[in-house]
Amino acid sequence: MDQLKKVWRFLRSMKFAVILLLILAAACTAGSVIPQGQPTAWYTEHYAQQAAGAVMLLGLDDVFHCWWFVALTLFLCLNLLLCSVLRFPALLRRMREGFTPARAIAAWDWAPLAKLEGEPERLFAKLGFHSVRSGKMAVHLPDGNSGAAEGTEADEAETDRVEADGAETDRVETDRLKAAESADGRPVRYAVKYKAGLWGAWLCHLGMLVVIAGFGLGQMFKSEYTVYGVPGQTKPVGDTGYELTIDDFSIALRDDDTVDQYTSEITVTDTAGGEQLGGSASVNAPLSLFGMKFYQNSTGWAATLETWKDGKKLQEDLLCAGEYAAIADLEGLAVVFNAFYPDYAEDESGQPVTLSSALKNPGYLYTIYYHDQVVGMNVLTAGEKITVEDYEFIFRDPQPYTLIQVKRDPFRYLAAAGGLLVLCALILAFYLYPRELWAVQDEDGVWCFGGRSAKAGLLFAEEIGRAWADLKKEEQSDGK
Amino acid sequence: MGSDRFLQVENGLFTAVMVLYLAAMVLYFIFLAVKREKAGKAAGYVMAAGFVLHTAALVTRGIGAGRLPLTNQYEFATSFAWGICLCFLIFLWKYRFQALGAFVTPVIFLIIGYAAMQSREVRELMPALRSNWLGIHVSTAIISYGAFGVSFAVSLMFLLRRNMKDSAFWQEHIPDERKLDAISYRAVSLGFLFLTFVIITGAIWAERAWGSYWSWDPKETWSLITWIIYALYLHLRLSRGWKDRSAAIFAVIGFLCVIFTYIGVNTLIPGIHSYA
């Protein structure tokens, strides 16, 4: 039973979160340094045998999808969830009961951060505290001054512990409160601002959970397809039941021949209902139709391959670079259109290159297979033809094709909402965290100020001191 | 005035900025080494002048290039140095201690020196970079990295503070360790908030441009690693044993991650951010 309790405590502890984050950071480092998704042969070729073995054994060739990376992420989610659930009651209690003059003054070390005669509300207003509560409290101000910084540092450590363990802090404060609640009747002013900021770290953890959940669900349920072709072609969008027609594809060039924009005009048809929707998709401006997003993803070159035999055209195929045509007339004969060079030339080693992206001297790199045996491979230029036995092949009409990526990820909004929540929570945690300011009147009628904040208490103490000094200066100049 | 003229002016301004930052660094060293208060004050004015000219240089380049000057190694490096200078001046104004400059100016000078070594050629943007998100994403990165630069300098100061003889000069001009720790925390908070914003805006932009808001691209991954390192810093500060010295060491490591994310990833690891 004790062992179970220990495991339970460990699973929800910050120590576990820190260990997980460190391992995840190390895994991310490995994933960014080791090329991902390569075949095994690549690692054995580029790394020492033992290193390549370790990469494959640990799944470092695909770190971000391997089981242990997913397991670590799930453990992090569990830790965040447990931490959030268990801290919730303590935070709620602190929100309801934690911000009272009695608690604040009881936890005070009685070191005044500022002293003011007359109306204390002036300093409250100067520091942005507008709802000031007034009353009387049983307090005893000692003569000595133990130092402002010490007091606020103690406060900071105390509120920091709220983040770590709310229950402990409450216990400490309650003990001090008893000491402060003996009868007396000294005038007191108290104000608190940004109470909601207490939830900053908690909401940040919740936001992280939502982000991870959105990302994970997206990975599981998103669908992704690619459709490519030249204007006039209609192709199915995977198994969605929709068809995509490429109406037009244009590449806008600048004066220096660099690409300004790629734009595809497309029409999507619901094959079941016949409904058609269309529009243009360009880089950075995807098109949303039928709950799917259509991205202008890539482009390349396509060409028409003519196959002739005995002076008769057997077939005509429109091929994008990388595609092949099986020749129906002879089983096992196929022509692969490997690559296209719009401004073809050969470099010093005889390798094909293109001198520019302009269509000046088209060159078609092809390979011909017959029953998986290479029977021909070369670069064909305009006007040339390939002859294999009785067959002749001609490439013509090169034209750019467009590649449209089609995506549907219903959980991306969940991830976005999580991200927004994290951002808002960080603003709460770092800038709108709770600050308390109080003033107690001493025997001479002077108001002694104290304050504490959930973060950076030392700097808040200085802020109070600066506001006090500014106030005095202003009042002196007004008096003059 | 033609765009080439603007770029020539920017070239001159950039050189002047380098000279001013160098002068400020020397003055800050004199301030600390010889304990001359006037040198510290003068260094502050020189830094402010350098910042004004730096801003003018960035604006001039933006006009000359006809776009935001945030798209290549040179432009981001000079903007990065500008971001650190901006955060430094804000922290200087808020916490009022000149000695911070002696630790920040070398960082600024190194980064602007790196910028000086990069090509200043203005190129047209590739379609993926032609987005309004570019300005939001990169400008928030500048603020984030700038704040982390300040936290790095403050943390270095913290780590060296213990080795300094506790003279009246140090007591007057260098805050005690607790305050340095608090200031470093404020700088990390600012940087962390903006880094989160950087990652979120980057994800939104990536979703629009590449169809995927997270692709485990090396730049994305290293941004996440940096985010994790600073998240660890923030969590470990809550543990008593990690406050102060250990936190300062973590802030230094965090900034090294920032530098690697910016320079190392671009130069050593290929990815879809390789143009940056």
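A salt bridge here is a side-chain nitrogen of Lys or Arg within 4 Å of a carboxyl oxygen of Asp or Glu. The model is predicted, so local features need pLDDT of at least 70 and side-chain atom pairs count only at pLDDT 80 or more, while totals for chains, interfaces and linings use all residues. Residues are numbered from 1 along each chain as its sequence is written, chains are lettered from A in the order in which they are written, and side-chain values use heavy atoms, with hydrogens and water left out.

Over all chains, the count comes to 24 salt bridges. One of them sits within chain B and pairs Glu121(B) with Arg123(B), with 3.5 Å between the closest N and O atoms. On accessibility (buried is under 20% relative accessible area, exposed over 50%, partly exposed in between; 1.4 Å probe, protein chains only), Glu121(B) comes out partly exposed at 46%, and Arg123(B) is exposed at 59%.

Another bridge goes from chain to chain: Arg130(B) meets Asp260(A) at 3.4 Å, N to O. Arg130(B) belongs to the loop between helix 4 (100-116) and helix 5 (132-161) of chain B, and Asp260(A) to strand 7 (residues 259-270) of chain A. Helices (H or I, at least four residues) and strands (E, at least two) are DSSP runs, numbered from the N terminus. Both ends are partly exposed, Arg130(B) at 38% and Asp260(A) at 23%.

In chain A, Glu436(A) and Arg452(A) pair up at 2.7 Å, N to O. Glu436(A) is in strand 20 (residues 435-441) and Arg452(A) in strand 21 (residues 447-453), so the bridge ties together parts 16 residues apart in sequence. Both residues are buried.
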